[in-house]
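Here are some notes to read alongside the structure. Take them one at a time, and find each residue in the viewer as you go.

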Amino acid sequence: QARVAVTRGDAALVRATWVEQMTTPDEPFTRLTPAPDDVVIDREKFTKTVRLIALRVPKAKCQFYMKALRGLVLDIPRQQSVVRDPSDDSTRLLLLKEEVKDGSLPTMSEERRAEIGVDALERTTHDLVLSYDYFNAEQVLRRLLPEGCDVPGSFETVGHIAHLNLRDEVLEYKHVIGRVLLDKNPRLKTVVNKVGSIESEFRVPTWELLAGDTSLETEVRQHGIPFKLDFGEVYWNSRLEAEHKRLIEQIRPGEILCDAMCGIGPFAVPAAKAGRRVYANDLNPSCARYTRVNCVGNKVKNLVKCYNMCAREFIRKLLRPGKVEDTGETTVGTDGKRRAVQWAATGEDVDGEPPSGAVFDHVTMNLPATAIEFLDVFKGAFDRETWAGHHLPVIHVYTFKRGTETVEDVVRRGEGHLGAAIANPTVHEVRDVAPNKIMLCLSFRITSDAAFPPEDGTKGNEAKRAKIGD
């Protein structure tokens, strides 16, 4: 059995050495402390020779006999069933399964044998050598780890990074596990393990390097769109690809997205690639930075304004009374007539402050643990003059449904945080996160009663009310 020496020192001290944050201009991303370089796997111990019965067949008839002897021919991953005949270049050796011990093939009927002429073929043997490269990661680890250990059978990947959450019983062998996973998965460059519980402000795990490259900056793709990210500084979940696509398809031409908790841009960038304009924001500075990087890399920065602040502050600033410039584009207003699309006045590469008087058609709030609690920011925050003639936005807020909670309970919870009734809500089930925990998207168009402050009855409210639509 393989063994790796582990020094059991002060846990806090050990943890402090696991992550090294680089802040130089050339490397503004996470680098982990290198893994030990003395992890050696004795590959020779995995070499296995299997003696197989082989049929010597004419080179031109290999395909015929492979089909005729289906079920008897060798069929194992990454191994050919036909190999060169070292004694005659005009023939090939057709390898039979290890289970076939009698070259006369007694299980085949005489009629069938006569039909295909198998009895006329010369029998021989062939030594098939299986090396370390043949066995998959699970097979290798079952031999390396003590009997009874829970062998990691699967893992999640983000770009070139594989991330695990190992059980305590195998931590002594963590670097062996990392080395094997790198050996067996050529696309991977880095293997990390989650350390402790998530305690950071931005809900990003602490990672420990098990094997490979120390850099946690990587690239992922969703529906052909590349995204760069630092896995040590931002949250990313590849299982949300279908949800990102579903929601973006709801944003029509001429509509504007307000992405209040944008992450690295999985809503903002594809929306912009589809020609939609976006106000994007995230509290995590690394998320805001990578949203900009991804907008520039995908050549859509002219359509996305990126900010780094609390979602409440971001939304409040957008909803302040004011006026932003017309874009030259038009959309349909509440009266059915074409209206100018209004957009932030700052230049393509300058984000500035969230513009007062901004109007938008959709709001995404993708922070399921707490996003629903931010709905209170919308209550009475809309300016009647700014939004006159504009449709009020559809809000898409992500949350979790737990235990015996019903969809109706989720809607009521949303109403409680909004401080107003939610009309005609839709609830979409995104994915199962854990037993009795489902991620949902609650979508609704905010009503004028919830959006606007009470009228004072002195400024021609009846006329203004006629112009405002939900």
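1. Let's begin with a term you will need. Partly exposed describes a residue whose relative accessible area falls between two limits: under 20% is buried, and over 50% is exposed. Arginine 413, at 25% relative accessibility, is therefore partly exposed. Please keep in mind throughout that this is a predicted model.

2. Which residue is the salt-bridge partner of arginine 413? The partner is glutamate 405, with the closest N and O atoms 3.0 Å apart. Glutamate 405 has a relative accessible area of 19%, so this residue counts as buried. Here the cut-off matters: buried means under 20%.

3. How many salt bridges are there in the model? The count comes to 25. One of them joins aspartate 183 to arginine 43, where the closest N and O atoms are 3.3 Å apart. This pair links distant parts of the chain, 140 residues apart. Aspartate 183 belongs to helix H5 (residues 174-184), while arginine 43 sits in the loop between strand E2 (30-32) and strand E3 (48-58). Aspartate 183 is partly exposed, with a relative accessible area of 24%, and arginine 43 is partly exposed too, with a value of 38%.

4. Now try a salt bridge inside a helix. Glutamate 138 and arginine 142 meet through their side chains, 2.9 Å from N to O. Both residues lie in helix H4 (residues 137-144), and the 4 residues that separate them make about one turn of the helix. Glutamate 138 has a relative accessible area of 33%, so this residue is partly exposed.

5. Next come the aromatic rings. A search of the whole structure finds 12 aromatic pairs. Among them is the pair of phenylalanine 227 and tryptophan 236, which is tilted, with 5.8 Å from centre to centre and 40° between the planes. Phenylalanine 227 is buried, with a relative accessible area of 0%, and tryptophan 236 also counts as buried, at 8% relative accessibility.

6. The charged end of arginine 143 sits over the ring of phenylalanine 46, 4.5 Å from its centre. Likewise, lysine 61 lies over the face of phenylalanine 64, at 4.8 Å from the ring centre.

7. Turn to a pair of strands. Strand E20 (residues 426-434) and strand E21 (residues 437-445) run antiparallel and are joined by 7 bridges. Threonine 426 has serine 443 of E21 standing opposite. The hairpin of E20 and E21 has 2 residues between the strands, and in this hairpin asparagine 436 takes a positive phi near 65°.

8. Where else can you find a positive phi in a residue other than glycine? Arginine 78 has a phi near 60°, and this residue is found in the loop between helix H2 (62-68) and strand E4 (82-84). Lysine 299 is not a glycine either, yet has a positive phi of about 60°. Its place is in the loop between helix H8 (285-297) and strand E15 (304-307). Arginine 78 is exposed, with a relative accessible area of 54%, and lysine 299 counts as exposed at 73% relative accessibility.

9. Finally, is arginine 113 buried or exposed? Arginine 113 is buried, with a relative accessible area of 17%. This arginine is found in helix H3 (residues 110-116). Leaving aside neighbours within four places in sequence, arginine 113 is in contact with Ser104, Leu105, Pro106, Met108, Val118 and Asp119.

Terms used:
Residues are numbered from 1 along each chain as its sequence is written. This is a predicted model: local features need pLDDT of at least 70, side-chain atom pairs count only at pLDDT 80 or more; totals for chains, interfaces and linings use all residues. Side-chain values use heavy atoms; hydrogens and water are left out. Buried means under 20% relative accessible area, exposed over 50%, partly exposed in between (1.4 Å probe, protein chains only). Rings of Phe, Tyr and Trp (its six-membered ring) pair if their centres lie within 6.5 Å; planes under 30 degrees apart count as stacked, over 60 as edge-to-face and the rest as tilted. A charge sits over a ring if NZ of Lys or CZ of Arg is within 6 Å of the ring centre and within 35 degrees of the ring normal. Two strands pair if DSSP finds at least two bridges between them. Contact means heavy atoms within 4.5 Å. A salt bridge is a side-chain nitrogen of Lys or Arg within 4 Å of a carboxyl oxygen of Asp or Glu.
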